[in-house]
Amino acid sequence: MIDKKYIDAITTVAQTLETRNVDYGDPFTLHEEIAKMWSVILKKPITTTQVVMCMMAMKMARLSLNDQTHDDSWKDLVGYSGVGRRIAEIEKEILKVSKK
């Protein structure tokens, strides 16, 4: 049996995602806009999934160089994992449609 505190930790992050959605809008749309900007800056195509992976890498770097018990960074990683999973699904759906 899993300790309920693990589930509670993920549930708390889900509630934060709902709040952020109200503040910042749809996560795919936001990360798509970031991908467009990064593509211009880096002069190469960047996908929305790559944006999420880079944001996760930043959070992991912060944890590795600083306080590894920093709760906010761990919450962000859980949030980015959920957002990234959905964004990857959307990108896969877009690729399917574009191949038709």
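What follows is a walk through the helix packing and the salt bridges of this predicted model.

Residues are numbered from 1 along each chain as its sequence is written, and side-chain values use heavy atoms, with hydrogens and water left out. Because the model is predicted, local features need a pLDDT of at least 70 and side-chain atom pairs count only at pLDDT 80 or more, whereas totals for chains, interfaces and linings use all residues.

The confidence of the predictor in each residue, the pLDDT, runs from 0 to 100, and the protein averages 94 on it, with 100% of the residues scoring at least 70. Among the elements of the protein, the lowest mean pLDDT, 91, belongs to helix H1 (residues 4-24), and the highest, 97, to H2; helices here are DSSP runs of H or I with at least four residues, strands are runs of E with at least two, and both are numbered from the N terminus.

Two packed helices are described by the angle between their axes and the distance between the axes. For helix H2 (residues 27-42) and helix H4 (residues 71-99), the axes come within 10 Å and cross at roughly 80°, where axes are lines fitted to C-alpha atoms, for helices over the stretch in contact, and angles run from 0 to 180 degrees between N-to-C directions. H2 and H4 are therefore roughly perpendicular to each other, given that 65 to 115 degrees counts as roughly perpendicular, under 35 as roughly parallel, over 145 as roughly antiparallel and the rest as oblique. On the H2 side the contact (heavy atoms within 4.5 Å) is made by Pro 27, Phe 28 and His 31, and on the H4 side by Tyr 80, Val 83, Ile 87, Ile 90, Glu 91 and Ile 94. These residues divide into seven nonpolar, one polar and one charged, with Ala, Val, Leu, Ile, Met, Phe, Trp, Tyr, Cys and Pro counting as nonpolar, Asp, Glu, Lys and Arg as charged, and the others, Gly among them, as polar.

His 31, placed in helix H2, is buried at a relative accessible area of 6%, since buried means under 20%, exposed over 50% and partly exposed in between (1.4 Å probe, protein chains only). Leaving aside residues up to four places away in sequence, His 31 touches Thr 48, Val 51, Val 52, Tyr 80, Val 83 and Ile 87. The C-alpha atoms of His 31 and Thr 47, which stand 16 residues apart along the chain, are separated by 8.6 Å.

If a salt bridge is a side-chain nitrogen of Lys or Arg within 4 Å of a carboxyl oxygen of Asp or Glu, the count comes to five. In one of them, Asp 76 pairs with Lys 59, the closest N and O atoms being 2.6 Å apart; Asp 76 lies in helix H4 and Lys 59 in helix H3 (residues 48-65), so the pair ties together parts that are 17 residues apart in sequence. Asp 76 counts as buried at 13% relative accessibility, and Lys 59 counts as buried at 8%.

Another salt bridge joins the side chains of Lys 75 and Asp 71 (3.1 Å, N to O), and because Lys 75 and Asp 71 are four residues apart in helix H4, about one helical turn separates them. Lys 75 is partly exposed at 32%, and Asp 71 is partly exposed at 46%.
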